[in-house]
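Colleague: I am new to this structure. Could you walk me through reading it?
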Amino acid sequence: KKLNVDRKVVETIMSKYEEWIEADHTSKPTSEERDDTDPEGISNLFLDDDPLDTFEYSYKTLEVPQREVTLSVVGHKQENGQTLSSTGLTLWRAAEYMNEYLLKRPWPSTSSSYNALELGSGIGLNGLLLSFLNVNGSTTLTDGDTETLKNLEENVQRNKGGCEVRQLRWGVDEVKKEW
């Protein structure tokens with residue numbers, strides 16, 4: 001069956017959607033900014049009065065004596081992830097899987113040290129766990145997006161993470177050897 005779609009309606013919807021994607025979503029819109037005349041509700045589709053969520057995880061290491069850490073990171077709600085201007089502003093399922101992997105591998109004794117660099121740290125869940133596991137080493141967390149970096153720094157401070165946060169933009173910044 002062929003679907004009949006009014007091209008003008010599709011163009012209007014796409015235009016509203018593009019405007020929303022390119023808009024600044026850091027402040028709550030006023031009643032004048034909300035488009036209540038939009039019959040499809042496209043302009044209000046992704047508005048959320050409380051877009052942030054706190055993600056808490058507790059981890060135990062495999063080695064004896066066993067060490068335990070609880071990490072708390074703040075980011076945008078996972079269900080809003082596909083609508084954000086930066087993928088680093090929320091927690092992705094892959095971060096949870098990566099931490100499971102990090103905990104399953106044997107880590108050298110606490111007398112060993114490594115220099116670890118995480119590319120695209122987002123809200124920092126993986127890098128914070130890596131910093132905890134890498135007791136005597138250094139861990140540097142990076143991201144390219146400035147809004148994501150601000151949130152990442154706050155999450156590192158919130159967890160008293162012993163890691164450094166740096167901006168690294170692919171194809172623009174040069175990775176320095178000391179990282």
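Colleague: Which hand does the crossing of H2 and H3 have?

Modeller: Keep in mind that this is a predicted model. The H2–H3 crossing is right-handed.

Colleague: At what angle do helix H2 and helix H3 pack?

Modeller: The angle is about 15°, and the axes lie 9 Å apart. H2 spans residues 93-104 and H3 spans residues 125-133. Angles under 35 degrees count as roughly parallel, so H2 is roughly parallel to H3.

Colleague: Which residues in H2 meet H3?

Modeller: Ala95, Met98, Asn99, Leu102 and Leu103 do. On the H3 side they meet Leu125, Asn126, Leu129 and Leu133. By class, this contact of H2 with H3 has seven nonpolar residues, two polar ones and no charged ones.

Colleague: Now the sheet. What order do the strands have?

Modeller: First the general idea. Strands of a sheet pair through backbone hydrogen bonds, either parallel or antiparallel. Here, three strands form an open sheet in the order E3-E4-E5, with parallel pairing. E3 (115-118) and E5 are the edge strands, each pairing on one side only. Neighbouring strands are turned by 25° against each other on average, direction ignored.

Colleague: How many bridges join E4 and E5?

Modeller: Four, linking E4 (residues 138-143) with E5 (residues 164-167) in the parallel sense. Threonine 140, for one, has glutamate 164 in E5 as its bridge partner. From E4 the chain passes through helix H4 (residues 146-158) to E5, a right-handed β-α-β crossover.

Colleague: Where do the helices H3 and H4 lie on the strands?

Modeller: H3 lies across E3 and E4, at about 175° to E4. H4 lies across E4 and E5, at about 180° to E5.

Definitions and conventions
Residues are numbered from 1 along each chain as its sequence is written. This is a predicted model: local features need pLDDT of at least 70, side-chain atom pairs count only at pLDDT 80 or more; totals for chains, interfaces and linings use all residues. Side-chain values use heavy atoms; hydrogens and water are left out. Two strands pair if DSSP finds at least two bridges between them. Helices (H or I, at least four residues) and strands (E, at least two) are DSSP runs, numbered from the N terminus. A crossover is right-handed if, with the strands pointing away from the viewer, the path from the first strand over the helix to the second runs clockwise. Axes are lines fitted to C-alpha atoms, for helices over the stretch in contact, and angles run from 0 to 180 degrees between N-to-C directions. Angles under 35 degrees count as roughly parallel, over 145 as roughly antiparallel, 65 to 115 as roughly perpendicular and the rest as oblique. A crossing is left-handed if the near helix is turned anticlockwise from the far one by less than a right angle, and right-handed if clockwise. Contact means heavy atoms within 4.5 Å. Ala, Val, Leu, Ile, Met, Phe, Trp, Tyr, Cys and Pro count as nonpolar, Asp, Glu, Lys and Arg as charged, and the others, Gly among them, as polar.
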